[in-house]
2 protein chains.
Amino acid sequence: VQAAGLLPAVALLEQAARTVTLTPPPWPVNIADYGCSAGHNSLLPISSALDALRQRVGPERAICVAHTDLPGNDFTALFETLTTDADSYLRGDRAAFPSAIGRSFYEQVLPSESVSLGWSSWAIQWLSRVPAPIPDQVQVAYSRDPAAHTAFARQAAEDWQTFLGVRSRELSPGARLVVLTMALHDGEFGYQPLLEAIYAALTSMIKEGFLSVEEVHRMVIPTVARSEAELAAPFANNGRFKGLGIEHLDVFCEEDRIWNQLEASGDTEEFGAQWAAFSRASVGPSLAAALEGGGRGPRAAEFINELEARIATRLAAAPERMLIPLAKLVLARENPPC
Amino acid sequence: VQAAGLLPAVALLEQAARTVTLTPPPWPVNIADYGCSAGHNSLLPISSALDALRQRVGPERAICVAHTDLPGNDFTALFETLTTDADSYLRGDRAAFPSAIGRSFYEQVLPSESVSLGWSSWAIQWLSRVPAPIPDQVQVAYSRDPAAHTAFARQAAEDWQTFLGVRSRELSPGARLVVLTMALHDGEFGYQPLLEAIYAALTSMIKEGFLSVEEVHRMVIPTVARSEAELAAPFANNGRFKGLGIEHLDVFCEEDRIWNQLEASGDTEEFGAQWAAFSRASVGPSLAAALEGGGRGPRAAEFINELEARIATRLAAAPERMLIPLAKLVLARENPPC
């Protein structure tokens, strides 16, 4: 799902790489990948950016790529991918230098004015913290609780401003930052059948004694989809926010490729299994963290397996096309006044 | 053991930080920590270097710290230490920017001429590969096999030259690199009672059917201690090797603090336990990698526990002071010709 959503944003990153202002030699060109996870979705965008940059600076100039994520991220998987994967951007490029930064991107993690090109995909939808419990769902978008909506909206606005503020410090004058994130499309969060299946699975696990009511009450997916207006809000004053401006902002719906496969194959089990696997990878750890004993406790693995199986069964029984709304943005760091 | 050996080398690093040529602002000052492991032995030296540098460049200038180790290293532990430990150099320094690089330091991992200050402790004794089996020990220093000695000596010389060559490219003119590593002192490798206990423990585990003869034959600790002459060998030609020179080279013996504790307390069990714990952490994974099923296989944990217990018992039964020979070096990168 996430790999499919990348392509339109990668095109924006490539275009930015062709035109962005670069720090002068002999200093390296710095690229930052904010929210890299295990790196599988970083290879294509970073390779594309490197190809475009290499046409400008030649093969010898050092290009540093800083991959950031939280301290608990699997950086070993990232470096194993980078050093062994046939598609790694290290292949055939001896002047590309990857590094990892295990710190939250809600603080400054790179030197001021050091980054020429930034990339962040499927990352800024994650809030810096859980701002409130959600009494009737795990995703605030499908809750009917006004207090939860208010708390999540406030946190989402604050986190977006924080993210923009610290990135503005890190970006060098004339730099570009390309962002791909979950969005609201005509007010729709999307993924409705999936979230209903997740919540129904959790409810059934309470009934069968696998989970307690308290555990499910604690379960929250701390992600938000922002509307175009919410993404643009910090820039209301003259189109500028802390030296950043919006060069491109577009909310679009990505095709549900898993649904397309189902239409071609008629295989409803595969449809359920693929969406369940996506859920497991993307939100399984967040939900498991609410278990008595924690996300690394003895019940976590069984819980995640069981949840995945129940989601798969429910979606296979009543397959529906998912709406996948996304926003892509290009933010430009102002050049200094001449 | 390793933390105790640090102090004399940290003094050299501090002195280098006070005098080393720095890249000009606005660019960051770059420090590299080659072979960081989980970072516990990096906090003290890097903090000391940062303190000395801050006196020269003030609190605002960005100082980047690149911690390198192999891809499989526990970088999560590194970042958890850096972001939560009370002794982390990030405390109170908002312009210090750590990163991790999961690549072998036998290749270039940072841009050319980018590093002002390098540090490497207890790291370059690890060879880039196992050059030969050791038929009668796990540590070549205590083998009587001439072929093993020849193969390890050749690999040690080659790896040292490779390390120096790639570091020379990374260091900026006038930079310094401080190295602490295992060494031969008057031809002695040291740790003799410990290595005899390790090999005796492995042999007893064959007899009791816990290990096969083939497994123990495959077990190798791929570390070497180099003599002062071996460390100096690449510099034989005019004292220079690829733009590097030796500013300081000293082989010394570190006190056995575990023995000192025993003399004070008389607690032989504690003596055995502490040396066994050191062995477990430093060489357990290398030995477990030779198991049928590999170092992550089902028998690995039990093997490492059993090995540690047997080493502890043997050392407690006949405690002896260990010889701990180390070398400390300061390497200087030439300034460009004026």
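A salt bridge is here a side-chain nitrogen of Lys or Arg lying within 4 Å of a carboxyl oxygen of Asp or Glu, and a residue is called buried when its relative accessible area is under 20%. Keep in mind throughout that this is a predicted model.

With those two cut-offs in hand, select B:Asp159, which sits in helix 4 (residues 146-170) of chain B. Now display the surroundings of B:Asp159: leaving aside residues up to four places away in sequence, B:Asp159 touches B:Tyr106, B:Leu127, B:Ser128 and B:Arg226.

Next, select residues 75-84 of chain B, which form helix 3. How many of its 10 residues are buried? The helix is mostly covered, with 7 of the 10 buried, namely B:Phe75, B:Thr76, B:Ala77, B:Leu78, B:Phe79, B:Thr81 and B:Leu82. If you then colour by chain, you can see that the cover over these buried residues comes from both chains: it includes helix 3 (75-84) and strand 3 (96-102) of chain A, together with helix 2 (43-57), strand 2 (63-69) and strand 3 (96-102) of chain B. At the start of helix 3 of chain B, zoom in on B:Asp74, where a side-chain oxygen reaches to within 3.3 Å of the backbone nitrogen of B:Thr76.

From here, widen the view to the interface of the two chains, where 28 residues of chain A are in contact with 28 residues of chain B. The area buried between chain A and chain B is about 2100 Å², and carbon and sulfur atoms give 69% of that area. On the chain A side, select A:Trp27, A:Phe97 and A:Arg103, which lose the most area to chain B and together make up 28% of what that side buries. Across this interface the rule finds 0 salt bridges, whereas 5 residue pairs are in polar contact, both residues of each pair being at pLDDT 80 or more. Helix 3 and strand 3 of chain A each supply at least two residues of the side that touches chain B, and the largest share, 7 residues, comes from strand 3. By type, the residues of that side divide into 17 nonpolar, 8 polar and 3 charged.

Finally, select B:Ile324, in strand 8 (residues 324-333) of chain B. Is B:Ile324 buried or exposed? B:Ile324 is buried, because its relative accessible area is 3%.

Conventions. Residues numbered from 1 in each chain as written. Chains lettered and ligands numbered in written order. Predicted model: local features only at pLDDT ≥ 70, side-chain atom pairs only at ≥ 80, totals over all residues. Heavy atoms only, no water. Buried < 20%, exposed > 50% of the residue type's maximum accessible area, 1.4 Å probe, protein only. Helix = DSSP H or I, 4+ residues; strand = E, 2+ residues; numbered from the N terminus. Contact = heavy atoms within 4.5 Å. Polar contact = N/O pair within 3.5 Å; in protein donor to acceptor, adjacent residues only side chain to side chain. Buried area = accessible area lost by both parts, 1.4 Å probe. Nonpolar A, V, L, I, M, F, W, Y, C, P; charged D, E, K, R; others polar.
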